[in-house]
Every structure is written in structure tokens, then in C-alpha cells.
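Trainee: I have not seen this one before. Can you walk me through it?
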Amino acid sequence: GAAFPSPLIRIKNTENRNLHNVWITNTSITGNVLYNNRDFLVANTMEPTDSNLVQLNTWMIGLGTFSMQVTVTCDEGTFESDPANGLIIGPIVFIP
């Protein structure tokens, strides 16, 4: 299957400080999936407890299960998500 549009993820500032120039810089996907990822800016400034629902700037094509991990960078550091497992069938991607 092919994923169009790409998956939605939630980015949340759990720090007790503002984060500046927040970018998604890597989407790592393992499994029977081909993908293409492009970096993109999430927010110029994220205040504490801010939360953004964003669509990844990537496309996926494949059939079966996969694992995805996202890297977020900002002026204050680099953060990686926990891996999330999903299933791609046809044009549908499931990430519970």
C-alpha cells in the first residue's frame, strides 16, 4: 500500500522552558516499507505544555508491519520519540 497523506504525529513541549526553531529532522522507519523523508519546521517557538499536531513530510509505500521513530531538533537540543509500531495496508496506515 501507499500512505497519502503521510501519518500525523503530536509534538509536545514537556520542558519547563521555551523551545526555539523546532524541526522534525529525521523519520526512521524499519520494516517492509520504502519511505522518503524531508525535514520541516514545526514551530519557531514552542512554550511549555504547547502541543502541535503535524503531518510528517514523508511518503510511505509497502505492505505489512513497520516501526517508526521521529527525531526532533531545536536550538535547545535533540529529542527522539519512542518507537511506534504500525501497519500499512493499501492507502491506510495504522499507528495505535
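Trainee: Is R17 buried, partly exposed or exposed?
Mentor: R17 is partly exposed, because its relative accessible area is 39%. Buried means under 20%, exposed over 50%, and partly exposed in between, with a 1.4 Å probe and protein chains only. This is a predicted model, where local features need pLDDT of at least 70, side-chain atom pairs count only at pLDDT 80 or more, and totals for chains, interfaces and linings use all residues. Residues are numbered from 1 along each chain as its sequence is written, and side-chain values use heavy atoms, with hydrogens and water left out.

Trainee: Which side chain does R17 meet in a salt bridge?
Mentor: That of E15, at 3.4 Å from N to O. A salt bridge here is a side-chain nitrogen of Lys or Arg within 4 Å of a carboxyl oxygen of Asp or Glu. E15 has a relative accessible area of 27%, so E15 is partly exposed.

Trainee: How many salt bridges are there in the whole structure?
Mentor: A search of the whole structure finds one.

Trainee: What is P48 in contact with?
Mentor: Leaving aside neighbours within four places in sequence, P48 is in contact with N13, E15, N16, R17 and N18. Contact means heavy atoms within 4.5 Å. The C-alpha atoms of P48 and N16 are 5.4 Å apart, although 32 residues separate them along the chain.

Trainee: Where is P48 found, and how exposed is it?
Mentor: P48 is in the loop between β4 (40-46) and β5 (51-55). Its relative accessible area is 31%, so P48 counts as partly exposed. The strand names come from DSSP: strands (E, at least two residues) and helices (H or I, at least four) are runs numbered from the N terminus.

Trainee: Which way does β4 run against β3, antiparallel or parallel?
Mentor: Antiparallel, with five bridges joining β3 to β4. Two strands pair if DSSP finds at least two bridges between them. H20 has T45 in β4 as its bridge partner, and a hairpin of two residues joins β3 to β4.

Trainee: How many bridges are there between β3 and β6?
Mentor: There are 13, in the antiparallel sense. One of the bridge pairs is N37 with T58 in β6.

Trainee: Is T58 buried or exposed?
Mentor: T58 counts as buried, because its relative accessibility is 10%. T58 belongs to strand β6, residues 58-74. A polar atom of the T58 side chain lies 2.3 Å from the backbone oxygen of N36. Not counting residues up to four places away in sequence, T58 touches S6, Y35, N36 and N37.

Trainee: What about β6 and β7, how many bridges join them?
Mentor: Four, and β6 runs antiparallel to β7, residues 77-80. T73 has T78 in β7 as its bridge partner. Two residues make the hairpin that joins β6 to β7.

Trainee: New topic. How much space lies in the largest pocket?
Mentor: About 450 Å³. A pocket is an open set of points on a 1 Å grid over the protein atoms alone, where a 1.4 Å probe fits, with protein on both sides within 12 Å along at least five of seven lines; lining residues have an atom within 4 Å of a point. Grid points are joined across faces, edges and corners, and the volume is the space filled by probe spheres set on the points.

How values were computed: Polar contact = N/O pair within 3.5 Å; in protein donor to acceptor, adjacent residues only side chain to side chain.
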